[in-house]
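Reader: I would like to learn how to read a structural model with care, going from the whole chain down to single residues. Could you take me through one?

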Amino acid sequence: RMAKILIIDDDAKMRRVIGSILVGDGHEVREARNGREGTEMALQEPPELIICDVTMPEMNGHRVLEKL
């Protein structure tokens, strides 16, 4: 069984690249465009792994970690 993974990154290209690699390996991938969106998604449906950018507008990766 593969993992449910949430990618939180404001860079769409980075989300696409990481997501396509993980999906290719059979994982279920969800994507969030920023820290606020990612936090909401993680709280609604907790993933098994979160890959999160640190430098993002609105809510950076450190704040995401604090919230979760």
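**From the chain to its residues**

Author: Residues 24 or more positions apart account for 58% of the contacts in the chain with a separation of 6 or more, where contact means heavy atoms within 4.5 Å. Please keep in mind that this is a predicted model, in which local features need pLDDT of at least 70 and side-chain atom pairs count only at pLDDT 80 or more, while totals for chains, interfaces and linings use all residues. Residues are numbered from 1 along each chain as its sequence is written, and side-chain values use heavy atoms, with hydrogens and water left out.

Reader: Which helices and strands does the chain have, and what pattern do they follow along the sequence?

Author: Helices (H or I, at least four residues) and strands (E, at least two) are DSSP runs, numbered from the N terminus. Here there are three helices and three strands, and read along the sequence they follow the pattern β-α-β-α-β-α. The radius of gyration of the chain is 11 Å, close to the 11 Å that the globule rule gives for 68 residues, so the chain is as compact as a globular protein of that length; the radius is taken over C-alpha atoms, and the rule is 2.2 Å times the number of residues to the power 0.38.

Reader: How much of the chain is buried, and which residues make up the largest nonpolar core?

Author: Buried means under 20% relative accessible area, exposed over 50%, and partly exposed in between (1.4 Å probe, protein chains only). Of the 68 residues, 31% count as buried. A nonpolar core is a set of buried Ala, Val, Leu, Ile, Met, Phe, Trp, Tyr and Cys residues joined through side-chain atoms within 4.5 Å. The largest one has eight residues, namely Leu6, Ile8, Ala32, Met41, Ala42, Met56, Met59 and Val64, and strand 1 (4-8) and helix 2 (35-44) each supply at least two residues of this core. Not counting residues up to four places away in sequence, Val64 touches Ile8, Gly35, Thr39, Cys52, Met56 and Met59.

Reader: Where does Glu28 lie, and which residues is it in contact with?

Author: Glu28 lies in strand 2 (residues 28-32) and counts as partly exposed, because its relative accessibility is 42%. Apart from neighbours within four places in sequence, Glu28 is in contact with Ala3, Lys4, Ile5 and Glu45. Glu28 and Ala3 are 25 residues apart in sequence and 6.3 Å apart in space, C-alpha to C-alpha.

Reader: What is the phi of Glu58, and where is its place in the chain?

Author: Most residues other than glycine have a negative phi. Phi of Glu58 is near 70°, a positive value in a residue other than glycine. Glu58 sits in the loop between strand 3 (49-52) and helix 3 (61-67), and is exposed, with a relative accessible area of 57%.
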